[in-house]
Amino acid sequence: MHTVAVQLAPILGAEKGKVPFYIAGGLLVAWALLLSLGIGARRSDFPANAGQQRGLIAVTVVLVLAAVSMAVVTSGGSKTAAAASSAPATSTTSTETTSTESSSSAATPTTSAHPQPTATTGAPTKTASSSSGATTSLKLAANPEGQLSYDTKALSAPAGTVTITMTNMSPVEHNVTIAEGSKVLGATPTFAGSSKTVTVKLKPGKYTFYCSVPGHRQAGMEGTLTVS
């Protein structure tokens, strides 16, 4: 309702601005009717002299000029009112367009100038090792019935790192010791009922493995490890 009133206000103002034109035009029409129907129809000798004729012409010219002037002024006011009436609608349209653009900007996700790195997965890298650095796994077991012996008296492996896993499921505690001559290179703890490992790095040659528990080696718990 407020918008309608604002749009009608210039038009109503323009109608009020036409009042002078209506007055001037009305006077001109009334003057013409007075001359033609009032005086002219009753008096055939009107105007009677040159003075009356000049007076009638002067009054007529004044009324015509007044009507024309009011018409020009009123026409200019109408154009101004029409422009004023269209201005609010244009402003409203501009406001709605701005609101729409703002909403569109808010709804559009902003793209970061610095894209985040993408996590990638790959297979683990395997490092190749030389033959001298390869690990060789060997197995050895003590007699499960408690006899002082291993399940073998000979083991062999290539040069490099050698791991011996010894299993002792007997009730008697044992170990495995690796020696080069009288020099001990490595040994497992003394144990029973489980498995233990010992790892040594060996060069080509012959080595001895045995149980270092007193009396066990002398009873037969020893063998030869050949490294080539």
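Trainee: Is tyrosine 150 buried or exposed, and how do you know?
Mentor: Buried means under 20% relative accessible area, exposed over 50% and partly exposed in between, with a 1.4 Å probe and protein chains only. Tyrosine 150 has a relative accessible area of 8%, so it is buried. A word on the source: this is a predicted model, where local features need pLDDT of at least 70, side-chain atom pairs count only at pLDDT 80 or more, and totals for chains, interfaces and linings use all residues. Residues are numbered from 1 along each chain as its sequence is written, and side-chain values use heavy atoms, leaving out hydrogens and water.

Trainee: What makes phenylalanine 209 count as buried?
Mentor: Its relative accessibility is 0%, so phenylalanine 209 counts as buried.

Trainee: Why is the aromatic pair of tyrosine 150 and phenylalanine 209 called tilted?
Mentor: Rings of Phe, Tyr and Trp (its six-membered ring) pair if their centres lie within 6.5 Å; planes under 30 degrees apart are stacked, over 60 edge-to-face, and the rest tilted. By this rule the count is one aromatic pair. Tyrosine 150 and phenylalanine 209 lie 5.8 Å centre to centre, with 50 degrees between the planes. That makes the pair tilted.

Trainee: Why does this pair tie together parts that are apart in sequence?
Mentor: Tyrosine 150 is in the loop between β1 (135-141) and β2 (154-157), while phenylalanine 209 is in strand β7 (residues 205-210), so the parts tied together are 59 residues apart in sequence. Helices (H or I, at least four residues) and strands (E, at least two) are DSSP runs, numbered from the N terminus.

Trainee: How many helices and strands does the chain have?
Mentor: Four helices and eight strands. Along the sequence the pattern reads α-α-α-β-β-β-β-β-β-β-α-β.

Trainee: How do you know that a charge sits over the ring of tyrosine 210?
Mentor: The rule asks for NZ of Lys or CZ of Arg within 6 Å of the ring centre and within 35 degrees of the ring normal. The charged end of arginine 217 sits over the ring of tyrosine 210, 4.0 Å from its centre.

Trainee: Where does glycine 25 lie, and what makes it buried?
Mentor: Glycine 25 lies in helix α2. Its relative accessible area is 19%, so glycine 25 is buried. Glycine 25 and methionine 70 are 45 residues apart in sequence, and 8.5 Å apart in space, C-alpha to C-alpha.

Trainee: How much of the chain is buried?
Mentor: Of its 228 residues, 21% count as buried.
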